[in-house]
Amino acid sequence: MHILGVDIGGTGIKAAIVDSKTGQLISQRQRITTPQPATPQAVAACMKQMVAFFNWQGPIGCGFPATVHHGVAQTASNIDQSWIGTNVESLFTEYTDCPCYVLNDADAAGMAEMAFGAGIQHHGVVLVVTVGTGIGSAVFVNGQLLPNTELGHLILNQQVAEHYISARVRETEDLSWKKWGKRFDLYLQRLAFLMSPDCFIIGGGASKKFEKYSSQLTVKAEVLPAQGLNQAGIVGAAMYALHQQ
Ligand code: BGC
């Protein structure tokens with residue numbers, strides 16, 4: 001089934017039409033810069049723009065950078081505070097005139113990685129960590145998602161982990177991959193201690209640079225770069241919409 005997959009991030013909104021059974025994109029990817037401030041109305045207007053661009057009529061799956069409980073945003077770390085309590089599914093459905101299904105962005109990326117990427121054949125506890133504007137997490141137990149975990153908000157060195165190891169921090173502090181890798185290793189060690197995962201999968205932009213910092217990683221669990229590159233969020237959102245039909 002073809003579904004429009006959308007990945008809403010702190011800096012960009014990306015979308016493509018996805019074959020939700022195979023995980024393949026069947027259109028080009030379209031990107032819009034996330035409006036600032038990223039208010040509900042401003043982001044919903046971007047959703048409408050995406051639908052017009054693809055001339056889309058049909059279900060839409062959408063990854064959103066916050067916890068989303070039954071369609072309602074519960075947090076807002078890298079988006080406007082006015083999202084908290086907003087029914088994202090109803091808002092997007094109203095603006096696009098298409099049924100919209102919304103989940104946490106890292107959960108979406110994790111679902112795609114488990115089905116079509118680095119997580120294939122990985123059982124037990126798999127922890128997907130996405131490194132972007134924020135740090136997202138998705139926890140799988142024998143392939144089953146525990147939704148809405150916020151492991152990027154663990155306290156590490158007396159600060160919120162994502163304020164210490166996100167891609168944004170790496171850029172603003174101009175950290176080398178080696179220096180950033182050492183910080184990231186502390187984070188993975190902390191997660192390993194708390195969660196005893198069998199495997200970590202690292203997603204987001206850091207997946208493409210894995211060889212630049214992997215030698216800094218000392219955790220015992222296997223650590224793999226995500227394979228879906230920047231598409232996993234789009235593909236996982238479409239998979240989610242398929243399951244909600
Ligand atoms: C948010 C998460 C999100 C992650 C990646 C964090 O700041 O709290 O919900 O998954 O950023 O976008």
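Let's start with a pair of helices: α3 (residues 105–116) packs against α8 (residues 232–244) at an angle of about 90°, and their axes lie 7 Å apart. An angle from 65 to 115 degrees counts as roughly perpendicular, so that is the label for α3 and α8. Keep in mind as you look around that this is a predicted model.

Which residues make the contact? On the α3 side they are Ala108, Ala109, Met111, Ala112, Glu113, Ala115 and Phe116. On the α8 side you'll find Ala232, Gly233, Val235, Gly236, Ala237, Met239, Tyr240 and His243. Sorted by class, the contact between α3 and α8 has 11 nonpolar residues, three polar ones and one charged one.

## A closer look at α8

Helix α8 is mostly covered, with 11 of its 13 residues buried. The buried ones are Ala232, Gly233, Ile234, Val235, Gly236, Ala237, Ala238, Met239, Tyr240, Ala241 and Leu242.

How far does α8 reach from its first C-alpha to its last? The span is 18 Å, close to the 18 Å expected at 1.5 Å a residue.

## Helix α6 and what follows

Now move to helix α6, which covers residues 177–195. Its 19 residues should span 27 Å at 1.5 Å a residue, and its end C-alpha atoms are 25 Å apart, which agrees.

The buried residues of α6 are Trp177, Trp180, Gly181, Arg183, Phe184, Asp185, Tyr187, Leu188 and Leu191.

## Two salt bridges

Side chains of opposite charge can pair when their charged atoms come close. How many salt bridges turn up in a search of the whole structure? There are two.

One joins the side chains of glutamate 173 and arginine 183, at 2.9 Å from N to O. This pair links distant parts of the chain: glutamate 173 sits in the loop between α5 (167–172) and α6, while arginine 183 is in helix α6, 10 residues apart. Glutamate 173 counts as partly exposed because its relative accessibility is 42%, whereas arginine 183 has 16% and so counts as buried.

In the other bridge, the side chains of glutamate 171 and arginine 170 meet at 3.8 Å, N to O. Is glutamate 171 buried or exposed? With a relative accessibility of 54%, glutamate 171 counts as exposed. Arginine 170, at 15%, counts as buried.

Conventions. Residues numbered from 1 in each chain as written. Predicted model: local features only at pLDDT ≥ 70, side-chain atom pairs only at ≥ 80, totals over all residues. Heavy atoms only, no water. Helix = DSSP H or I, 4+ residues; strand = E, 2+ residues; numbered from the N terminus. Expected span 1.5 Å × (residues − 1). Buried < 20%, exposed > 50% of the residue type's maximum accessible area, 1.4 Å probe, protein only. Axes fitted to C-alpha atoms, helices over the stretch in contact; angles between N-to-C directions. Parallel < 35°, antiparallel > 145°, perpendicular 65-115°, else oblique. Contact = heavy atoms within 4.5 Å. Nonpolar A, V, L, I, M, F, W, Y, C, P; charged D, E, K, R; others polar. Salt bridge = Lys/Arg side-chain N within 4 Å of Asp/Glu carboxyl O.
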